[in-house]
Amino acid sequence: MNSDLEAATVQKDWAPARSGQGEKAAKKLHVKSFGCQMNVYDATRMADVLAPEGFSETGAIEDADLVILNTCHIREKASEKVFSELGRLRRLKEERRAEGKDLRIAVAGCVAQAEGGEIFRKQRAVDIVVGPQSYHRLPELVRLAADGPAIDTDFPVDDKFNHLTPPTADKIRTRGLSAFLTVQEGCDKFCSFCVVPYTRGAEASREVQKIVAEAEALTRAGVREITLLGQNVNAFHGKGEDDEIWSLARLVERLSEIAGLARLRYTTSHPNDMADDLIRAHGEAAKLMPFLHLPVQSGSDRILAAMNRKHRAEDFLRLAKKIRAARPDIALSSDFIVGFPGETDEDFEATLALIRAVDFASTFYFKYSPRPGTPGAELADQVEEAVKTERLARLGELVEAQRAAFNRAMVGRTVDVLFEKPGRRPGQIGGKTPYLQAVHADGPDSLIGTVAAVEIVECGSNSLFGRLAKEAR
Ligand code: SAH
Ligand code: SF4
Ligand code: F3S
């Protein structure tokens, strides 16, 4: 910890003082999130926990009394972005001070966890540093920050979810018809390139009862689609309503019983945790969408071993086949890293071969970024930047062609669309296919919040266009 700055650490036994909403002076909060969906979810929970302290959210950073940067540490670029952002905030803080007003700056998320008190040293304008497992302590940290830098990057034994404030129904409604819900957090896999096991801690699953209660509250407020989140969501093993340990498949089955809920998804999965009951659920649970994000990272067995992924390319191909047998209309998406240390042209060709063999609907691809503290960063045979750039472009060309072909093949098909908002033009409404493609169709606003069959008639560069096929269900 940063002893020279004497950052205050929240007491372990601290319990939040319950206060009625509106009791405290009205203050504005702006949360800016980087990184993955879990950060998007965490941002909402941070806002919820600060609401009883008198903080209401603002989209305009200039109006905020407290700005939280909810950060990502996954690649060097993501991490660096935080400090340029903080530079801008420091200037805003100085302008405020000149007007006799105050602006508090908090750094949350994975950079906060990885760098801790070092952040205060790099940017003195920062008031609060809070890790992903401690943000339920934000109210106390905000109070402490009045007297100087405040930090909490502990991995508390007690589950933070037990201390979070549930959002009001009104709040849920402003967040839209699709919601995230964290069911599992942390990772024990230790892939040799990845910081997540260090920033999010060990794998932990929430209790089924709490998840069901949160899903029901979301649905009561109008949410129609829930994406279950976890760094390794298919490793979910939460205590069930019968005190047994439930798998993700069983959780999906239970959540499918919630009447108002139309769609379920989950992300992100590890291939090694695709259990048979989960694969079966894809064929049986009607609400589970036929779209699965399954990162594989490389198609070379040598590189997969060096990455500590603990499976071979062939295992992934067999798994993809098995999943498609259970649910023939399923589409797969994935993540790839190019230029992991030691990756030869031959290894890279093996990755392209795997991509050709699987045919992904959508793919994310990254240049390997050596991360401090990970085994990969210590490896001698780092790949030259120019080679990474060239491989990224080649891989990109292949997967973008697959994505475009998948989208084009939608034309002529009739698919269910969850309508979520008014479209760009009057008389138009916008929604998503089971494959998360944006669709626009002519139709009444009354269809927003419903699922309707839509015949896809055109494929644009960013979205599909369709015609309502029959009555909304
Ligand atoms: N939990 C997920 C994803 C974690 S991070 C999983 O198990 O796959 C999201 C993606 O970022 C990863 O799938 C990987 O492709 C990429 N990534 C992680 N660390 C990286 C690094 N050091 N350099 C480049 N890409 C990285
Ligand atoms: Fe990172 Fe691997 Fe864990 Fe995914 S499974 S979060 S890539 S260590
Ligand atoms: Fe980034 Fe942390 Fe998510 S490192 S990808 S914000 S788990």
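Tutor: Let us start with β18, which is joined to strand β21 (residues 451-459) by 5 bridges, the two running antiparallel. Helices (H or I, at least four residues) and strands (E, at least two) are DSSP runs, numbered from the N terminus, and two strands pair if DSSP finds at least two bridges between them. One such bridge has Thr414 with Glu455 in β21 as its partner.

Student: Before we go on, what kind of model is this, and how are things numbered?

Tutor: This is a predicted model, where local features need pLDDT of at least 70 and side-chain atom pairs count only at pLDDT 80 or more, while totals for chains, interfaces and linings use all residues. Residues are numbered from 1 along each chain as its sequence is written, chains are lettered from A and ligands numbered from 1 in the order in which they are written, and side-chain values use heavy atoms, with hydrogens and water left out.

Student: How do the strands of a sheet pair?

Tutor: In general, strands of a sheet pair through backbone hydrogen bonds, either parallel or antiparallel. Here, strand β18 (residues 414-422) also runs antiparallel to strand β19 (residues 428-432), with 4 bridges between them. Lys421 has Gly430 in β19 as its bridge partner, and Pro422 stands opposite Ile429 in β19.

Student: What happens between the strands in the hairpin of β18 and β19?

Tutor: There are 5 residues between the two strands, and Gly427 takes a positive phi near 85°.

Student: Which strands make up the closed barrel?

Tutor: The barrel has 5 strands in the order β18-β19-β20-β22-β21, with mixed pairing. On average, neighbouring strands of this sheet are turned by 55° against each other, direction ignored; the axes are lines fitted to C-alpha atoms, for helices over the stretch in contact, and angles run from 0 to 180 degrees between N-to-C directions.

Student: Now the ligands. Which residues surround ligand 3?

Tutor: A residue is near a molecule or strand if one of its heavy atoms lies within 4 Å of it. For ligand 3, the surrounding residues are Cys36, Asn39, Thr71, Cys72, His73, Ile74, Cys110, Arg200 and Gln231. To sort a shell, Ala, Val, Leu, Ile, Met, Phe, Trp, Tyr, Cys and Pro count as nonpolar, Asp, Glu, Lys and Arg as charged, and the others, Gly among them, as polar. That gives 4 nonpolar, 4 polar and 1 charged around ligand 3.

Student: How does the shell around ligand 2 divide?

Tutor: It has 7 nonpolar, 2 polar and 2 charged residues. Among those around ligand 2 are Cys187, Cys191, Cys194, His270 and Arg309.

Student: Asn39 was around ligand 3. Is Asn39 buried or exposed?

Tutor: Buried means under 20% relative accessible area, exposed over 50%, and partly exposed in between (1.4 Å probe, protein chains only). Asn39 has a relative accessible area of 1%, so Asn39 is buried. This residue lies in helix α1 (residues 37-50), and its side chain reaches the backbone oxygen of Phe34 at 2.8 Å.

Student: Where is Lys310, and is Lys310 buried or exposed?

Tutor: Lys310 is in the loop between α11 (301-306) and α12 (313-326). Its relative accessible area is 60%, so Lys310 is exposed. Contact means heavy atoms within 4.5 Å; not counting residues up to four places away in sequence, Lys310 touches Lys189, Asn272 and Leu304. The side chains of Lys310 and Asn308 are joined by a polar contact of 3.2 Å.

How values were computed:
Polar contact = N/O pair within 3.5 Å; in protein donor to acceptor, adjacent residues only side chain to side chain.
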